[in-house]
Amino acid sequence: MTAEELWAEFCSKKNVDINTPYEAWGFGGSGDDVPGRLAKLVKEGIKFGTASSYDLYEIEDALDELPKAGDYSVILDENDEAVCVIRDYDVYVRPFKEVSPFHAFSEGEGDKSLKYWREVHKEFFEEELEETDLSFTEDLKVVCEKFSLEYVPGKDSEQELLFVEPSMDYADEIESYKKEMLEAGSSFDGCFSMKRHDNVRDFVDDCIKWSNPSREADEHGVWGNVILVIRKADRKMVGCMQVHNVLNDRMKNYTGHVGYSVRPSERRKGYATKMLSKACDFLRSFGIDEIGVSCLPDNEASRKTILANGGEYVETVFLEEDNVNLERYIIR
C-alpha cells in the first residue's frame with residue numbers, strides 16, 4: 001500500500017478530512033532493515049517515541065518544518081510500503097545529555113534503557129552530522145517526539161491512554177487535575193511536587209530537573225520520572241505517576257518504586273491497572289526485576305490494581321512519620 005492509499009483509507013475509516021496535512025517517512029539508522037524493524041515496533045505498541053537533530057533542521061533552514069503536537073505521519077518500511085498512521089502528542093527540544101530515561105523507553109529499542117538509547121543515537125547523530133561542519137557533542141539539541149498509533153490496516157483496536165512527560169503544553173490539564181484532587185480531599189500519590197507548587201511552571205520545571213540524567217546523582221543517573229496520563233479521546237488528564245528507579249530508605253522500606261493516582265471523577269474505569277502496568281514496563285528498562293509498591297490497608301481499589309499486575313503481598317509496616325500502616329507488595 002502506498003502512503004497516499006493508506007492515508008485515504010485512514011481518513012475514510014476515522015472520519016478525518018483527507019486534506020489534513022501529513023508527512024510520509026521511514027525511521028533512520030544503521031542497517032537496511034531499520035525502517036521496517038522500527039515500524040513493526042510501532043505497530044506492536046512498543047515504540048511510541050523518536051528523536052532527530054534540531055541542528056539539521058536549522059542548517060537546512062527548515063525550522064518551520066519542526067514536528068509539533070497534532071502532526072500526522074504515515075510510517076514507511078524499508079520498501080517504502082505504508083505501514084501505519086501516527087500522530088504526535090508530545091514534542092520538545094532538549095540537549096542530548098538531558099534526554100530523559102522515559103523518552104529513551106518510549107523509543108522501544110533494545111532493552112529500552114537510557115544507556116542503549118545514548119549509544120545508538122550518538123552513533124546515529126555522528127553519521128548524520130558527517131556531511132556538515134558540525135560535530136557531535138553532549139550539548140547537541142535533540143527533537144524528542146512521542147506519538148500515538150492512530151491506524152494500522154486490518155486492526156481495529158484503539159489506543160486509550162497517552163503517557164506524557166510534564167510540559168506547559170498540558171498546563172491547563174495539570175491545573176484542573178490539581179483543583180479536582182484538592183476539592184475531593186485526595187492524597188496526591190504519584191504527583192511529585194504538584195500540591196506544594198503555586199503555579200504549573202514551577203511544577204513542570206521541577207519534574208524536568210528531577211528526570212535530568214546529566215545532573216549529579218548516583219550510578220543510575222537519575223532519581224525518577226513523573227508521567228502524566230492523558231486520555232487520548234479528549235486529551236483529559238486522568239492520572240499521574242511518580243516512578244522511582246533509585247530508592248531512598250523510605251522508598252525501600254515503605255513506599256516502593258511507584259506512586260500513582262487517578263482523578264476522582266475518572267476512578268473505577270481500569271486506568272490505575274493500565275498505569276501500573278506501564279510503570280512496571282518502564283522500570284524493567286533499568287534492569288529492576290522486583291518492583292515494590294504499597295497501599296493503605298483500607299484501599300481496596302489500589303490493592304486490586306496491584307494484584308492485577310501480579311503483586312505478591314510481603315508485609316504490613318507502620319510508617320511512623322506519616323502515622324499510617326502500609327501493605328507492601330512485590331511485582332516480579
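**Entry 1: a helix pair.** I reminded myself that this is a predicted model. I started with helix H9 (residues 271-284) and helix H10 (residues 300-308), whose axes lie 9 Å apart at an angle of about 45 degrees. The two helices are therefore oblique to each other. I noted their crossing as right-handed. On the H9 side I found Ala272, Thr273 and Leu276, which meet Thr305, Ile306 and Ala308 of H10. Sorted by class, this contact has four nonpolar residues, two polar ones and no charged ones.

**Entry 2: a pair in H5.** Next I turned to charges, and the structure holds 30 salt bridges. I looked up Lys122 and Glu126, whose side chains meet in one at 2.6 Å, N to O. Both residues sit in helix H5 (residues 114-129), four residues apart, or about one turn of the helix. Lys122 is partly exposed at 34% relative accessibility, and Glu126 is partly exposed with a relative accessible area of 34%.

**Entry 3: two arginines.** Arg303 is buried at 14%, while Glu300 is partly exposed at 41%. A network of salt bridges with shared partners joins Arg231, Asp234, Lys236, Glu266 and Lys269. Within it I checked Arg231 and Asp234, whose closest N and O atoms are 2.8 Å apart. Here Arg231 is buried at 13%, and Asp234 is partly exposed at 42%.

Definitions and conventions. Residues are numbered from 1 along each chain as its sequence is written. This is a predicted model: local features need pLDDT of at least 70, side-chain atom pairs count only at pLDDT 80 or more; totals for chains, interfaces and linings use all residues. Side-chain values use heavy atoms; hydrogens and water are left out. Axes are lines fitted to C-alpha atoms, for helices over the stretch in contact, and angles run from 0 to 180 degrees between N-to-C directions. Angles under 35 degrees count as roughly parallel, over 145 as roughly antiparallel, 65 to 115 as roughly perpendicular and the rest as oblique. A crossing is left-handed if the near helix is turned anticlockwise from the far one by less than a right angle, and right-handed if clockwise. Contact means heavy atoms within 4.5 Å. Ala, Val, Leu, Ile, Met, Phe, Trp, Tyr, Cys and Pro count as nonpolar, Asp, Glu, Lys and Arg as charged, and the others, Gly among them, as polar. A salt bridge is a side-chain nitrogen of Lys or Arg within 4 Å of a carboxyl oxygen of Asp or Glu. Buried means under 20% relative accessible area, exposed over 50%, partly exposed in between (1.4 Å probe, protein chains only).
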